[in-house]
Amino acid sequence: MTPEDSPRYRVHPSPIGDILIVTTADGIVTLHPFDGPLHAEIERVALRLRALPVPDESAEPGSASDEDVDAAGLFELAGVQLDEYFAGDRREFDLPLDWRLVRGFTRAALDAVCDIPYGETASYGEVAISAGIPRAARAVGTACATTPFSVVVPVHRVVRADGSLGDYGGRPEMKRFLVDLEQGPSVPQAPDQAGG
């Protein structure tokens, strides 16, 4: 893989913390909030991709449109759509996703998660039924926990059978924030970045 073909990354600030966006020639391969040092997160992604993402410095700040986005503009488009979502102005994301890190039932489960309407939730069991394997609620939980796409694939909308929210990568306050953002009439308070 040549440096021109290497995955590229940027970090985008948000109310739930920094979001790592990694792209390939095929689209966004991972987009998720992260804690801890950036280098550790980049190493984790590099192991999964078998290629080291390099910082993207090619796109100039400005406005991005949803049409004709080249690789350089994809970061900006993702940032614009994330900002619109957190401002309460966007209900769906329209971003090219590279699903290469998602296999088998995990893909079916995440596709079913994408069908959960904005502002609503579904149980792990309901998602398993939608994905075609009714007894796979635990596998849906694993798919949600390991998704390379947080926020844009709305795994925060998947809840326990009793309606309680459950975990969200060890940060339930982040899940609460996202659900409240979608269900509430006003923009919720950002979760405490210190973890409490």
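**Ground rules.** I am reading a predicted model, in which local features need pLDDT of at least 70 and side-chain atom pairs count only at pLDDT 80 or more, while totals for chains, interfaces and linings use all residues. I number residues from 1 along each chain as its sequence is written, and side-chain values use heavy atoms, with hydrogens and water left out.

**Entry on S14.** I found S14 in the loop between β1 (8-12) and β2 (19-24), where helices (H or I, at least four residues) and strands (E, at least two) are DSSP runs numbered from the N terminus. S14 counts as buried at 17% relative accessibility; buried means under 20% relative accessible area, exposed over 50%, and partly exposed in between, with a 1.4 Å probe and protein chains only. Not counting residues up to four places away in sequence, S14 touches I19 and F86. I also noted that the side chain of S14 reaches the backbone oxygen of G17 at 2.7 Å. I list this as a polar contact, that is, a pair of N or O atoms within 3.5 Å, of which, within protein, one must be able to donate a hydrogen and the other to accept it, and residues adjacent in sequence count only if both atoms are side-chain atoms.

**Entry on the whole chain.** I looked up the secondary structure, which comes to six helices and six strands, in the order β-β-β-α-β-α-α-β-α-α-β-α along the sequence. Of the 196 residues, 47% count as buried. The chain exposes about 10,200 Å², of which carbon and sulfur atoms supply 49%; these accessible areas come from the Shrake-Rupley method with a 1.4 Å probe, and for residues only the protein chains shown count as cover. Among contacts with a separation of 6 or more, 55% come from residues 24 or more positions apart.

**Entry on α3 and α5.** How do the axes of these two helices cross? The axes of α3 (residues 104-114) and α5 (residues 137-146) come within 9 Å and cross at roughly 80°; the axes are lines fitted to C-alpha atoms, for helices over the stretch in contact, with angles running from 0 to 180 degrees between N-to-C directions. The two helices are therefore roughly perpendicular to each other, a term for angles of 65 to 115 degrees. On the α3 side I see F105, T106, A109, L110 and V113, and on the α5 side A139, V140, A143 and C144.

I found T147 in the loop between α5 and β6 (158-159), and it is buried, with a relative accessible area of 9%. A polar atom of the T147 side chain lies 3.0 Å from the backbone nitrogen of F149. Leaving aside neighbours within four places in sequence, T147 is in contact with L110 and V155. V151 lies in the loop between α5 and β6 as well and is buried at 2% relative accessibility. I noted that V151 has a positive phi of about 70° although it is not a glycine.

Is D94 buried or exposed, or in between? D94, in the loop between α2 (71-86) and α3, counts as partly exposed at 47% relative accessibility. D94 and Q81 are 13 residues apart in sequence and 8.1 Å apart in space, C-alpha to C-alpha.

Note on methods: Contact = heavy atoms within 4.5 Å. Parallel < 35°, antiparallel > 145°, perpendicular 65-115°, else oblique.
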